[in-house]
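Visitor: I've got a model open and would like a quick walk through it. Could you take my questions one by one?

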Amino acid sequence: MKVEQLERGNEIKSEIRQLNEQLEKWQQADKLKVNSFVRLASSDDYSNIDVRPHYINFDNMKRDAIETIQKELSEFQAEFDTL
(Lines give C-alpha, C1' and ligand atoms only; values in the text may rest on other atoms or scores of the structure.)
Protein backbone atom coordinates (compact mmCIF):
# COMPACT_ATOMS: atom_id res chain seq x y z
CA MET A 1 0.00 0.00 0.00
CA LYS A 2 1.31 3.44 -0.89
CA VAL A 3 1.74 6.29 1.56
CA GLU A 4 -1.00 8.25 -0.22
CA GLN A 5 -3.39 5.34 0.21
CA LEU A 6 -2.56 5.09 3.91
CA GLU A 7 -3.13 8.82 4.35
CA ARG A 8 -6.43 8.65 2.50
CA GLY A 9 -7.39 5.60 4.54
CA ASN A 10 -6.80 7.56 7.73
CA GLU A 11 -8.87 10.48 6.40
CA ILE A 12 -11.71 8.12 5.53
CA LYS A 13 -11.47 6.45 8.94
CA SER A 14 -11.85 9.86 10.60
CA GLU A 15 -14.82 10.77 8.39
CA ILE A 16 -16.51 7.44 9.12
CA ARG A 17 -15.99 7.92 12.86
CA GLN A 18 -17.55 11.40 12.74
CA LEU A 19 -20.45 10.21 10.60
CA ASN A 20 -21.15 7.31 12.97
CA GLU A 21 -21.21 9.74 15.90
CA GLN A 22 -23.68 11.96 14.06
CA LEU A 23 -25.79 8.97 13.04
CA GLU A 24 -26.03 7.79 16.64
CA LYS A 25 -27.10 11.27 17.78
CA TRP A 26 -29.77 11.55 15.09
CA GLN A 27 -31.09 8.07 15.88
CA GLN A 28 -31.44 9.00 19.56
CA ALA A 29 -33.14 12.36 18.93
CA ASP A 30 -36.91 12.56 19.17
CA LYS A 31 -37.65 16.29 18.91
CA LEU A 32 -36.33 19.60 17.72
CA LYS A 33 -35.45 21.91 20.57
CA VAL A 34 -34.96 25.55 19.62
CA ASN A 35 -35.75 28.98 20.91
CA SER A 36 -38.48 30.99 19.26
CA PHE A 37 -36.86 31.12 15.82
CA VAL A 38 -34.59 29.11 13.56
CA ARG A 39 -32.05 31.08 11.56
CA LEU A 40 -31.73 30.29 7.87
CA ALA A 41 -29.31 31.80 5.38
CA SER A 42 -30.00 33.05 1.89
CA SER A 43 -28.07 31.73 -1.08
CA ASP A 44 -25.79 34.77 -1.06
CA ASP A 45 -24.86 34.06 2.60
CA TYR A 46 -25.26 37.73 3.44
CA SER A 47 -28.80 37.58 4.79
CA ASN A 48 -30.08 35.73 7.81
CA ILE A 49 -33.72 34.78 7.84
CA ASP A 50 -35.52 33.92 11.08
CA VAL A 51 -38.43 31.50 10.79
CA ARG A 52 -40.71 29.84 13.31
CA PRO A 53 -39.65 26.26 14.03
CA HIS A 54 -43.16 24.86 14.24
CA TYR A 55 -43.18 24.68 10.43
CA ILE A 56 -40.33 22.18 10.56
CA ASN A 57 -41.37 18.55 10.48
CA PHE A 58 -38.87 16.90 12.79
CA ASP A 59 -39.61 13.36 11.59
CA ASN A 60 -38.88 14.32 7.99
CA MET A 61 -35.74 16.21 8.96
CA LYS A 62 -34.52 13.26 11.05
CA ARG A 63 -35.24 10.77 8.26
CA ASP A 64 -33.45 12.93 5.69
CA ALA A 65 -30.43 13.42 7.96
CA ILE A 66 -30.14 9.70 8.69
CA GLU A 67 -30.48 8.79 5.01
CA THR A 68 -27.82 11.34 4.04
CA ILE A 69 -25.41 10.13 6.72
CA GLN A 70 -25.94 6.49 5.74
CA LYS A 71 -25.32 7.34 2.08
CA GLU A 72 -22.08 9.14 2.93
CA LEU A 73 -21.01 6.23 5.14
CA SER A 74 -21.59 3.81 2.26
CA GLU A 75 -19.61 5.99 -0.12
CA PHE A 76 -16.67 6.30 2.28
CA GLN A 77 -16.75 2.58 3.03
CA ALA A 78 -16.74 1.76 -0.69
CA GLU A 79 -13.78 4.08 -1.25
CA PHE A 80 -11.96 2.56 1.73
CA ASP A 81 -12.58 -0.96 0.42
CA THR A 82 -10.92 -0.07 -2.90
CA LEU A 83 -7.70 1.21 -1.27
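Visitor: Which residues does Leu23 touch, not counting residues up to four places away in sequence?
Guide: First, the ground rules: this is a predicted model, where local features need pLDDT of at least 70, side-chain atom pairs count only at pLDDT 80 or more, and totals for chains, interfaces and linings use all residues. Residues are numbered from 1 along each chain as its sequence is written, and side-chain values use heavy atoms, with hydrogens and water left out. Contact here means heavy atoms within 4.5 Å. On that basis, the partners of Leu23 are Ile66, Ile69, Gln70 and Leu73.

Visitor: Which residues make up the largest nonpolar core?
Guide: A nonpolar core is a set of buried Ala, Val, Leu, Ile, Met, Phe, Trp, Tyr and Cys residues joined through side-chain atoms within 4.5 Å, with buried meaning under 20% relative accessible area (1.4 Å probe, protein chains only). The largest one here has eight residues: Ile12, Ile16, Leu19, Leu23, Ile66, Ile69, Leu73 and Phe76. At least two of this core's residues come from each of two elements, helix 1 and helix 2.

Visitor: How are helix 1 and helix 2 oriented to each other, and why?
Guide: Helices are DSSP runs of H or I, at least four residues, and strands are runs of E, at least two, numbered from the N terminus. Axes are lines fitted to C-alpha atoms over the stretch in contact, and angles run from 0 to 180 degrees between N-to-C directions. Helix 1 and helix 2 (residues 58-82) pack at about 160° with axes 9 Å apart. Angles over 145 degrees count as roughly antiparallel, so helix 1 and helix 2 are roughly antiparallel.

Visitor: Is Ile56 buried, exposed or partly exposed?
Guide: Ile56 sits in the loop between strand 2 (48-51) and helix 2, where it touches Leu32, Val38 and Met61, leaving aside residues up to four places away in sequence. Ile56 has 30% relative accessibility, so it counts as partly exposed.

Visitor: What about Ser36, buried or exposed?
Guide: Ser36 is in the loop between helix 1 and strand 1. Its contacts, again skipping residues up to four places away in sequence, are Val51, Arg52 and Pro53. Because its relative accessibility is 52%, Ser36 counts as exposed.

Visitor: What separates the C-alpha atoms of Asn35 and Arg52?
Guide: Asn35 belongs to the loop between helix 1 (3-28) and strand 1 (38-41), and it counts as exposed because its relative accessibility is 69%. Asn35 and Arg52 are 17 residues apart along the chain, and their C-alpha separation is 9.1 Å.

Definitions and conventions:
Buried means under 20% relative accessible area, exposed over 50%, partly exposed in between (1.4 Å probe, protein chains only). Angles under 35 degrees count as roughly parallel, over 145 as roughly antiparallel, 65 to 115 as roughly perpendicular and the rest as oblique.
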